[in-house]
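Trainee: Please walk me through the surface patches, the interface and the salt bridges here.

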Amino acid sequence: MDFGTSAPAAIVEAVNISKSFGPVPVLFSVSMDIRPGEVHALIGENGAGKSTLMKILSGFHDPTSGQIRLDGKQTTLPPNGAAEKLGIVLIHQELNLAEQMTVEENVFLGREARSNGFLDRKGMREAVQGLLDEIGLEISPTDRISDLTIAQKQMVEIVKAVSRNARILIMDEPTAVLTEEETEVFFRQVEKLKESGVGIVFVSHKLNEVKAIADRITILRDGQWIDTRLSRDLTPDTMAQMMVGRELSDLYPPMHEADVDAEMVLEVQNLRAPGIDDVSFSLRKGEILGFSGLIGSGRTAVFEAVCGLAPIDSGTIRLFGSETAPLSVARARDAGLAYLTKDRKEKGLLLDKKMQPNLTLFALPKFVKNFAIDKKAEESALERAIRRFDVRARDPGITVGKLSGGNQQKLLLAKIMECDPRIVIIDEPTRGIDVGTKQQIYHFIAALAAEGVSVVVISSEMPEIIGICHRVAVMREGRITGILTGDHINENEIMRYAAGLKREDLH
Amino acid sequence: MTMMTASDDKAAKTAKRFSVDFKTLGPALALLLLCIIGFLLNPAFVSEGNLTNLLTRSAFIGIIAVGATFVITAGGIDLSVGSMAAAIAGVMIIVMNNAVETLGTGVPTVLFGCGIAILLGIGAGWINGALTTRGKIEAFIVTLGTMGIYRSLVTYFADGGTLSLNFDIRGTYRPVYYDGFLGLPFPVWVFIGVAICGWLLLNRTAFGRYCTAIGSNEAVAKYSAINVDRVKTLTYIIQGLCVSFATIIYVPRLGSASASTGVLWELEAIAAVIIGGTVLKGGYGRIGGTILGALILTTIGNILNFTDMISNYLNGTMQGLIIIVAVLLQRSDWKFGRNSKS
């Protein structure tokens with residue numbers, strides 16, 4: 001025992017780790033240590049090497065050079081998640097649960113309790129129920145994973161890790177898909193884990209959260225270790241600067257006033273569809289309209305109904321001044337209306353295909369000449385898109401699943417813009433992407449609006465709604481509770497409408 | 001930095017070219033190897049007569065397998081093709097026999113029969129497609145059901161025996177299987193035609209791209225303005241149409257249909273598709289590979305006919321081994337991408 005220093009000895013240490021994928025170096029001599037009972041945040045832009053470092057710390061990748069030390073002894077971690085047995089658990093961003101099995105079965109997967117040769121279902125159920133009660137999660141051990149929300153699934157992952165006596169818990173953007181309330185619950189759980197001596201590695205792009213929860217922060221940039229500091233010595237601003245290596249003064253572009261007399265391009269009246277009730281709003285040419293509200297308040301459902309992705313029960317939709325029958329996705333696209341999903345991995349991109357077929361998939365009819373796909377036109381479209389959206393790929397032939405989150409998002413944006421829409425709905429434009437890419441996307445949205453394209457931004461991140469939108473509609477439980485303009489667009493006001501404390505009479 | 005990117009580009013391009021070549025070459029090399037083995041066992045294997053015979057025999061499975069490539073690429077499966085062929089053959093024979101009084105025994109009757117066969121194929125494909133898409137039933141289950149239905153229908157039509165084509169019509173229809181053009185029998189020409197159309201459709205048109213996208217991820221396809229139900233239904237209709245073509249060239253061969261017509265064709269077609277490198281769970285299809293797969297399967301049977309070393313009854317064993325080896329090889333090929341696994 002080292003009594004000489006105030007900090008306890010690290011459980012896991014990465015010492016001068018370098019990693020290359022083939023000829024491409026990703027990490028350059030990075031060091032990081034995780035101590036018992038601390039939250040150690042790992043921050044950096046997309047592509048900075050955070051994921052790679054996490055995978056090395058949990059044994060999913062081997063370092064090209066450098067050492068991993070476990071309890072002070074040099075070691076080679078077993079591959080493919082077997083490091084769990086040593087107490088090191090990685091919770092992947094794309095959660096690793098068997099969707100068709102129950103909570104209880106998932107928690108005990110691979111180490112089922114047995115009695116007399118049969119599964120001890122009762123014992124396992126009680127154990128899981130105990131853990132769920134402790135975490136304050138209102139689901140039953142017999143619920144099927146596929147019936148849970150993403151937030152609940154995340155919690156199940158944590159329960160699973162806790163039940164395995166994790167000493168180190170490595171979490172890749174655990175809060176990216178959580179609402180503020182859920183995040184609070186999550187943080188309470190993290191505090192409890194800390195007290196019990198678990199070391200936690202936490203990756204997040206939400207710097208305020210990092211500031212609030214982390215004890216120490218390690219910053220990576222372009223695969224280099226920049227610094228490891230105590231959280232109390234950093235502010236979100238200084239973190240952002242260290243991440244991008246330059247001053248980040250203009251995260252949000254200057255706001256151009258929308259022309260209040262511009263023609264209406266989209267008018268929705270009394271729309272009823274699954275998950276939404278009596279929704280009315282309108283959108284002008286060149287306007288950026290924000291949709292705020294808690295997760296599950298029906299924001300996505302509104303636009304899935306408008307764009308033909310979900311059935312409509314009743315209501316009228318006027319597009320460019322004339323009433324339209326419910327559209328199919330293809331007809332909406334041809335009319336100039338495009339929806340960009342928030343779920344880029346499940347609904348946005350074909351992860352096992354290359355960039356080119358992904359880019360042109362949405363606007364494919366545009367690339368058809370004499371019944372055949374014009375491959376030359378496709379190639380030049382890709383070159384154009386890579387330049388316009390600054391998509392950075394290690395090599396243009398890799399599959400899209402291997403791109404970083406930020407580059408995937410830019411590619412998805414490029415894919416939707418390929419059909420030259422006049423109205424774009426962007427659902428969670430910056431989910432899980434770094435601050436540099438965020439800035440690029442905000443500027444792009446502002447530029448679109450300046451060109452006369454109307455943009456709807458659905459977002460759970462209030463600063464971005466406030467930073468870029470001309471008007472903000474707030475939803476709660478399937479209804480629009482308020483539409484805010486000008487000075488009324490602030491966190492307080494939005495929160496009160498979203499939480500149901502305030503309601504505007506809209507009709 | 002620029003230098004590095006440029007060399008990366010080059011490396012990537014070489015790698016790409018290599019992998020493409022490897023994937024196409026795999027089945028081609030296997031076929032070549034089989035042919036060499038065939039020649040060594042019995043030089044008569046490469047006689048013109050045998051090669052023509054081999055190509056004609058592979059036409060049935062090959063044509064059906066081209067259709068199956070579309071269904072499988074789009075993430076579906078069609079188990080009903082063998083029974084469908086038998087049912088179409090049966091109805092076609094009945095229709096032609098009954099048309100003798102009005103249309104005679106000449107070409108019009110045969111054309112009429114072929115027209116009916118095509119309509120039946122399209123209809124049967126549409127039923128499979130509509131049940132999987134609008135009915136939202138797993139393709140495996142739908143086509144397992146229709147497989148049983150079509151098979152029992154042909155048994156019923158034939159009253160448990162054999163349906164035979166009118167002798168005079170048989171004379172008119174016979175050349176479609178036994179005659180040829182430029183030294184190649186007509187079935188081979190149909191096979192070539194279907195293969196070229198299938199290749200163009202899958203690799204050069206938006207429809208082909210849509211099939212691949214749906215097989216790769218249906219939700220992404222839906223959000224990319226693709227009418228998923230329509231494209232999937234069309235793949236089953238293409239499959240039905242291919243079955244019709246195969247049946248049209250099959251009927252004049254024996255001039256009859258029975259409960260044992262087309263038995264296990266569905267498995268041979270699927271095997272041809274898989275040997276050719278198409279991924280069974282969808283999202284990646286190769287028509288060229290499918291053609292080679294069909295040729296490989298027929299060649300195995302043909303070689304066994306030529307030699308006494310292995311009993312002809314072990315044909316299925318050899319085919320089964322080839323399928324398993326083909327899939328194993330495909331998997332080791334995927335390992336090239338291992339280091340960039342995420």
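Trainee: In which helix is A:E180 found?

Mentor: Helices are DSSP runs of H or I with at least four residues, strands are E runs of at least two, and both are numbered from the N terminus. A:E180 sits in helix α5 of chain A. This is a predicted model: local features need pLDDT of at least 70, side-chain atom pairs need 80 or more, and totals for chains, interfaces and linings use all residues. Residues are numbered from 1 along each chain, chains are lettered from A in written order, and side-chain values use heavy atoms, without hydrogens or water.

Trainee: Which residues form the negative surface patch?

Mentor: Patch residues have over 30% relative accessible area and no salt bridge; like charges are joined within 9 Å, nonpolar side chains (Val, Leu, Ile, Met, Phe, Trp, Tyr) within 5 Å. Areas are Shrake-Rupley with a 1.4 Å probe, and only the protein chains shown count as cover. Asp and Glu count as negative, placed at CG of Asp or CD of Glu. Here the patch is A:E180, A:E181, A:E184 and A:E491. Helix α5 (residues 180–195) gives the most, three residues.

Trainee: What makes up the nonpolar patch?

Mentor: B:L25, B:L29, B:L32, B:I36, B:F39, B:L40, B:V46 and B:L51, about 740 Å². Helix α1 (residues 2–41) of chain B has the largest share, six residues. B:L51 lies in helix α2 (residues 48–73) of chain B.

Trainee: How much area do chain A and chain B bury?

Mentor: Buried area is the accessible area (1.4 Å probe) that two parts lose on being put together, summed over both. Here that is about 2,700 Å², 55% of it on carbon and sulfur atoms.

Trainee: Which side chains meet in a salt bridge between the chains?

Mentor: The criterion is a Lys or Arg side-chain nitrogen within 4 Å of an Asp or Glu carboxyl oxygen. B:R209 and A:E378 meet at 2.7 Å, N to O.
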